[in-house]
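Here is a short tour for anyone who likes to look at a fold one piece at a time. Have the viewer open and follow along.

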Amino acid sequence: MNGMAETAQLEAAVQALSDIVKMNTVNNHEQLVADYLVTLLKQHGIEAQSIEYAPGRVNLVAEIGDGHGPVVALDGHEDTVALGDADTDPLAATIKDNRLYGRGVTDMKAGLMAEVFAMIALHDQDAPLHGTVRLLATVGEEVDHLGAEQLTELGYADDIQTLICAEPSGADKQLLLTKSIQAMLGVDGDTAQRMADANPTTEQHFIELAHKGSLTYTIKAQGVAAHSSMPAIGQNAIDMLMTYYQKQTAYFDSFKTIVNPVLGPTVPVVTLISGGEQVNTVPASAEMSVKIRTIPELRNDRLIKDLEAIIAECNADGANLTMDIASSFYPVHTPEDSQLVQLAKKVGEQVLQQRLPYFGAPGGTDASSYIVKSPDMQVIVFGPGNITAHQVNEYVDLDMYGRFIEIYQKMITELLA
C-alpha cells in the first residue's frame with residue numbers, strides 16, 4: 001500500500017472512531033455501534049451478523065478468510081462505563097495534539113475499530129488468508145461480559161485457536177519512571193529509564209499474556225427461628241455459617257503455595273456477611289458472599305467442586321447450606337514462548353519502535369468467557385489506548401491507533417499464511 005492510500009485509510013479510521021465515540025453506549029444501546037459496523041463492513045464487501053442480546057443491545061460477528069485453517073478471533077466491546085462528571089462533553093470526540101478524547105475511546109472503541117480496519121485492509125487487498133479471521137464485537141463487557149457469555153453459549157468460541165483482545169495496553173512513557181510501574185514490571189529505575197529513553201513514541205506498551213479470573217458466590221444458611229431462651233428448639237443459621245466459614249478458611253489456606261508465575265496466588269476475600277433478625281431470636285438465616293481472583297492452576301470449576309464438597313460435608317452434619325454463584329470468569333495465561341506471544345512481540349516491537357515487556361493483570365476481559373470452551377486457546381491483550389480508561393480525560397493517541405491497525409494486519413497475515 002502506498003503512502004497516499006495509507007493516509008486515506010487512517011483518515012477513514014479516525015473518522016469512524018470519532019463517529020462511534022459520539023454514541024452513548026454506557027452498558028446499553030450498543031446496537032448503535034453494531035449497526036454502524038454492519039454498514040461500514042458491507043461497504044467493503046464484508047457481511048456481518050447481528051446477534052441480539054436484548055432490545056437495543058446487539059453483538060456483531062464478521063468473518064474473512066478462506067475457512068481452510070485455524071480461527072483467529074479479534075475481540076472488542078461496544079459498551080462503555082458511565083460518562084462521569086467531566087468539565088467537557090465526554091461524547092464530543094474532541095481531537096487535540098493528535099489525541100482523540102471521549103468516553104470509551106481507550107476502553108475500548110479504539111481497539112475495536114483498529115481490528116475492524118485491519119480486517120477491511122486485508123479484505124480490500126485480497127490478502128491470502130488460509131483460515132478464518134472472526135471479529136467478535138460484544139455488549140456488556142463492563143458488566144459481567146454479557147455479550148461474550150452469549151456468543152460462547154452460541155458456539156462462536158468453540159473453534160478459536162488464537163484470540164487477540166484489543167483492550168488498551170499502554171501508558172504515557174513517563175510513567176515508566178514511577179515506582180508502581182517499575183514494581184509491576186519487576187525492573188529497577190535505571191532499566192526503566194533506559195526503556196523510556198529508547199522509546200521514540202509518547203507511549204510505552206506492554207503485552208498482557210495473562211489475567212486473573214474471578215468467582216463470586218454467596219453461601220446461604222437456613223435455620224429455624226426460636227426464642228433465645230430456648231435455643232434447643234431452633235436451629236442457628238449463624239452457627240452453620242461459621243462452621244462452613246472455618247472449613248472454607250482452612251481450604252483457602254491449603255493452596256497459598258500454589259502460585260502462577262505471572263499472576264501470583266489465588267486471592268479469596270469474604271466481602272459480605274449478614275445474619276439474624278433481632279438480638280433475642282435464634283437466627284433463622286445467614287449468608288456470606290465471597291470474591292475469589294482465580295489463576296489457571298486452580299480454575300473456577302475445580303474451586304466450585306471443592307467448595308460444594310465442603311457444603312456437602314457440613315450438610316451431612318446437620319447444616320442446611322446452599323451456594324448461589326453470581327458470576328464465574330476463567331483465568332487466562334498464555335506462555336511467553338507461545339507462537340502468539342512471540343509474534344506479538346516481534347511485530348509489535350517493530351511497528352511501535354520499543355521494547356515490549358510482558359505482564360499479567362488482576363482484572364479480566366471477554367477472554368475469560370471464550371476460554372471456557374477452548375482451554376488451549378492462545379490469548380493476548382494488546383491494543384491502542386492507555387491507563388486513562390474510565391477517567392474523565394480518557395483519550396487515545398491517534399499515532400498509536402494507526403500503528404495498531406498495522407500490527408493486527410501483520411499478525412493476522414502471518415498467523416494465517
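This is a predicted model: local features need pLDDT of at least 70, side-chain atom pairs count only at pLDDT 80 or more; totals for chains, interfaces and linings use all residues.

## A strand covered on both faces

Strand β3, residues 71-77, runs parallel to β7 and is joined to it by four bridges. Within that pairing, Leu-74 has Ile-164 of β7 as its bridge partner. Strand β21, residues 378-381, pairs with β7 as well, again in the parallel sense and over four bridges. There, Leu-163 stands opposite Val-379 of β21.

Elsewhere, three strands make an open sheet in the order β4-β5-β22, with antiparallel pairing. The edges are β4 (95-96) and β22 (395-397); each has a single partner strand, so one side of each is left without a neighbour in the sheet. Strand β5, residues 99-101, pairs with β22 in the antiparallel sense through three bridges. In that pairing, Leu-100 has Val-396 of β22 as its bridge partner.

Helix α3, residues 105-124, packs on this sheet, where it touches β5 and β22, and its direction makes about 45° with that of β22. Helix α11, residues 398-415, lies across β4, β5 and β22 and runs at about 65° to β22. As for α3 itself, the helix is mostly covered, with 18 of its 20 residues buried.

Leu-303 sits in helix α8, which covers residues 300-316. With a relative accessible area of 0%, Leu-303 is buried. Which residues is Leu-303 in contact with, leaving aside its neighbours within four places in sequence? They are Leu-215, Tyr-251, Phe-255, Ile-292, Thr-294 and Leu-298. Tyr-251 is 52 residues away from Leu-303 along the chain, and the C-alpha atoms of the two are separated by 9.9 Å.

Thr-138 belongs to strand β6, residues 132-138. Thr-138 counts as buried because its relative accessibility is 0%, and the cut-off for buried is under 20%. Beyond its neighbours within four places in sequence, Thr-138 is in contact with a list of residues that includes Asn-59, Asp-75, Gly-76, His-77 and Glu-78. Also among them are Asp-79, Gly-147, Ala-148, Leu-151, Asp-366 and Tyr-370.

Ile-238, Met-242, Tyr-245, Val-270 and Ile-273 make a nonpolar surface patch of about 380 Å². Helix α7 (237-254) and strand β15 (267-275) each supply at least two of the patch residues. Which element gives the most to the patch? That is α7, with three residues.

Met-242 is one of the patch residues and is found in helix α7. Its relative accessibility is 30%, so Met-242 counts as partly exposed.

## Backbone details worth a check

Some backbone angles deserve a look too. A cis peptide bond joins Asp-107 and Met-108, with omega about -10°. Met-108 is found in helix α3. Just after that helix, Asp-126 takes a positive phi of about 55°.

Positive phi values also turn up in loops. Asn-27, a residue other than glycine, has a phi near 50° and lies in the loop between α1 (3-21) and α2 (31-43). At 21% relative accessibility, Asn-27 counts as partly exposed. Asp-97 is not a glycine either, and its phi is positive at about 55°. The place of Asp-97 is the loop between β4 and β5, and Asp-97 counts as exposed, at 69% relative accessibility.

Technical notes
Residues are numbered from 1 along each chain as its sequence is written. Side-chain values use heavy atoms; hydrogens and water are left out. Two strands pair if DSSP finds at least two bridges between them. Patches are made of residues with over 30% relative accessible area and no salt bridge: like charges are joined within 9 Å, nonpolar side chains (Val, Leu, Ile, Met, Phe, Trp, Tyr) within 5 Å. Accessible areas come from the Shrake-Rupley method with a 1.4 Å probe; for residues, only the protein chains shown count as cover. A salt bridge is a side-chain nitrogen of Lys or Arg within 4 Å of a carboxyl oxygen of Asp or Glu. Buried means under 20% relative accessible area, exposed over 50%, partly exposed in between (1.4 Å probe, protein chains only). Contact means heavy atoms within 4.5 Å. Axes are lines fitted to C-alpha atoms, for helices over the stretch in contact, and angles run from 0 to 180 degrees between N-to-C directions.
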